[in-house]
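Q: Could you walk me through this model, one feature at a time? I would like the general idea first and then the case at hand.

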Amino acid sequence: MAEVQDGHYDSTSQSTESLRVEPIYESFLCPLTKQVMRDPVTIESGATFEREAILKWFNECHSNGRRLVCPVTRKELSSTELNPSIALRNTIDEWMNRNEVAKLDVARKSLTSESTESDILQALQYVSEICQRSRSSRHVVRKDGLISMIADLLKNSTKVRQKALETLRVIAKDDNDNKIEIAAGDNIRTIVKFLSHGQIQEKEQAVCLLYELSEYKALSEKIGNVSGAILILVGLSSSKVENLLIVDRAEKTLENLENCEKNVRQMAENGRLQPLLRLLLEGSLETQLSMAAYLGELVLSNDVKVFVAQTAGRTLVNIMKKGNREAREAALKALNQISSYDTSAKILIEAGILPPLITDLFTVGSNQLPMRLKEVAATILANVVASGARFESIPLDHNRQTLVSEDIVHNLLHLISNTGPAIECKLLQVLVGLTDSSTTVQNMVDAIKSSGAIVSLIQFVEAPQRELRMASIKLLNNISPYMGQELADAFRGNFSQLSSLVRVIAENNGISEEQAAAAGLVANLPLQDLVLTRRLLQDGAFATIVSKLIRIRQGEIRGGRFVNPFLEGLVRIVSRITFVLDDDPDIVAVAREYNLTALFTDLLQMNSSDTVQIVSATALENLSHQSKHLTKILPAPNPGLCFSIFPCLSQKSVATGVCRVHHGVCSARESFCLLEGKAVEKLVACLDNNNEKLVEAALAALSTLLEDGVDIDQGVMVLCDAEGINPILEVLCENRSEALRQRAVWAVERILRMDEIAYEISGNQNVGTALVEAFRHGDYRTRQVAERALKHVDKLPNFSGIFSKMGAQ
């Protein structure tokens, strides 16, 4: 018996032998191929062959130079004429049709779960073979109800499932009616299941079947409606572990499914943006708007935002420029999504997004956007500004105005004062972004000053909306270094706003960006403004801040990236107290209450930021200036002798319990004494720092031990004990800045008033050279001090009269 393979019956195969009904007649077989003929032809000898087979025989005889003979009779032929055997072909077709119907009936009986696995596999093989032979056979299979039977086998054993998937793929090929029936019920969901849970062979057959079904557009939406189908296909199409066949069929299936917009949305949602962008760029106007609107609803990764901006950014900007209100709304929503990442925002700037954004925000009248869309435009502008581009060089119109031009800033400020909280918040964020940059902040400050809007801006620190309040505080913090006095005047006009800032700082919810900005803003108000300091005291600000400082130092309050700016702001606020000690005894009492000498000494630790150390050293300088006034000066004891500073100096005799420097009863808390507060050694340590501001602040604080009104000799002794003489000399010799040189020359001159030290230092050429340089190139006062210092080390004669006597400094 023969078997069908590639449309022919193979007499040597037995795979479907049990399905035979009628026997094969010998006349049906081609003598050359031994297969049932489909196109029988008769040659000159009277023998009948399959057309292709006899033509191949003739060609081989001709190619090999052999005599042309009949392959059956071996008689020589004089002609290669072929005569179709129509009657035989019809007979064979009738036989095959009868046989197929009969065998399909036999196969149907085997396609049940009660049959053995072997019988089921044999039946599936026959159905697959017969459907490959002709389209009409596939029609018969559907008509006889075999499709649903085969689909039911998808719940059978692994081998049966795999063969059933393969057979369904063959049945579906080029037959849309069959595809519809295969897709009936829950079959597609079952097929999709094999894509993620099946074995590799099942997965291959399932994805190939799904691809075949997707070739019929009417099934696209149905396939996409199966939960997870598109996500799984997207994963397979981009997989680096699946075999090439699976990846290829998954990709082609997705391409087929793209004809349904609903599927395109799902693909975009699952990271496959190209189809959506293609429709956005090439689709009808209605489709473009639909895709743009949906793009605005997606949550995109940053990489995808960049890709979308590169691909469709310019198109979206053009829609925003020229479209109707519906189109502009769709484009704005999409641009809002894309602009929220710095890199993609910069791409949108290059695409020209700024001019239409400003137009949409500023336009009034019949053509203006509704407020909800102005809010979206304001959000996009805030996103774009946050990207950090150089907005001072990006023109907005033919007049070459930019975002930081005075008129533009005035318009933004006007909008802030005349819109609702949502837009106000976004526009304040725009101003925050523009004042964050060192290249644009001065333009912004100038425009804000000229607008007189500072009072309006300050009112938002009391806003009930947290985001609005935070944007306001961040903006005011950014401009406070340039507008400290204007801000102070405004706060004095409404102290409740200053109180609001104190409440923000006092919040106990970790350390937030808002708190750091509020602390920075208050810290930048004029330090010597006694009125503001008293108000802060009245609001309990200092008690709260000192408590927070201590808890931060002890690790009780932890913060992330805002802990350092918050800590710096708190330290600077507390330091305000030390700038108004001369003006009010009550303030002195506050400094004592909070033991500020100990606090700022503790903050001099080496792990503190430079800013904290600079502020602390300056505060200690201010406090130390008060020590000579706050200690009861006792009669000075008889001076002793000082022999050598290296390695130590002999001590002057001082009454027991009396401060060596201030000659009275001192303490860190009551008289702010650096010596009693053990701050000297920490200040000396700060002299060995690369930050000139810190070195200058530390040296200024140490110099209070050498100023008029204290025992200078004992002050020098204190520095000697703290090993501070050489560091001060090194500061002088390094000559890093004019301000530092002035400080160092003054301190060194005071130190050199002790003859023993002057004698020791006179041989130090570096010190001598540094003093000479100060004498030659310093300002008038520094040259005077340097002259006195040079006299101490005998570099200038005592009768020198180059400068008029100015007295001790």
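Q: How many aromatic pairs does the count come to?

A: Start with the rule: rings of Phe, Tyr and Trp (its six-membered ring) pair if their centres lie within 6.5 Å, and planes under 30 degrees apart count as stacked, over 60 as edge-to-face and the rest as tilted. By this rule there are two aromatic pairs. In one of them, the ring centres of Tyr25 and Phe28 are 5.3 Å apart and the planes stand at 75°, so this pair is edge-to-face. Before going on, note that this is a predicted model: local features need pLDDT of at least 70, side-chain atom pairs count only at pLDDT 80 or more, and totals for chains, interfaces and linings use all residues. Residues are numbered from 1 along each chain as its sequence is written, and side-chain values use heavy atoms, with hydrogens and water left out.

Q: Are Tyr25 and Phe28 buried or exposed, or something in between?

A: The general idea is relative accessible area: buried means under 20%, exposed over 50%, and partly exposed in between (1.4 Å probe, protein chains only). Tyr25 is partly exposed at 43%, whereas Phe28 is buried at 4%.

Q: Which aromatic pair do Phe28 and Trp95 form?

A: A pair of aromatic rings is described by the distance of the centres and the angle of the planes. For Phe28 and Trp95 these are 5.5 Å and 65°, which is edge-to-face. The pair links distant parts of the chain, 67 residues apart: Phe28 sits in the loop between strand 2 (8-10) and strand 3 (40-42), and Trp95 in helix 2 (residues 86-110). Helices (H or I, at least four residues) and strands (E, at least two) are DSSP runs, numbered from the N terminus. Trp95 is buried, with 0% relative accessibility. Tyr25, Phe28 and Trp95 form one aromatic cluster.

Q: Where is Asp93, and how far is its C-alpha atom from that of Arg38?

A: Asp93 is also placed in helix 2. Asp93 is partly exposed, at 29% relative accessible area.

Q: What do I learn from the overall dimensions of the chain?

A: Compare the radius of gyration, taken over C-alpha atoms, with the globule rule of 2.2 Å times the number of residues to the power 0.38. A compact globule of 809 residues would have a value near 28 Å, but the chain has 47 Å. The C-alpha trace spans about 150 × 70 × 55 Å along its principal axes. As for secondary structure, the chain has 43 helices and five strands. Buried residues make up 53% of the 809 residues.

Q: Why is helix 28 described as largely enclosed?

A: Ten of the eleven residues of helix 28 (residues 513-523) are buried, so the rest of the structure largely encloses this helix. Among the buried ones are Glu514, Gln515, Gly520 and Leu521.

Q: Which residues of helix 8 are buried?

A: In helix 8 (residues 187-197) they are Asn187, Ile188, Thr190, Ile191, Val192, Phe194 and Leu195. As background, an α-helix has 3.6 residues a turn, so residues three or four places apart point the same way. The cover of the buried residues of helix 8 includes helix 5 (146-152) and helix 9 (200-214).

Q: Which residues have a positive phi although they are not glycines?

A: Asp174 is one of them, with a phi of about 60°, and Lys678 is another, at about 55°. Asp174 lies in the loop between helix 6 and helix 7 and is partly exposed at 47%. Lys678 is found in the loop between helix 35 (668-671) and helix 36 (680-686), and is exposed at 62%.

Q: What is Val615 in contact with, leaving aside its neighbours within four places in sequence?

A: With those neighbours left aside, Val615 is in contact with Val571, Arg572 and Ser575. Val615 lies in helix 34 (residues 610-630) and is buried, at 15% relative accessible area.

Notes: Contact means heavy atoms within 4.5 Å.
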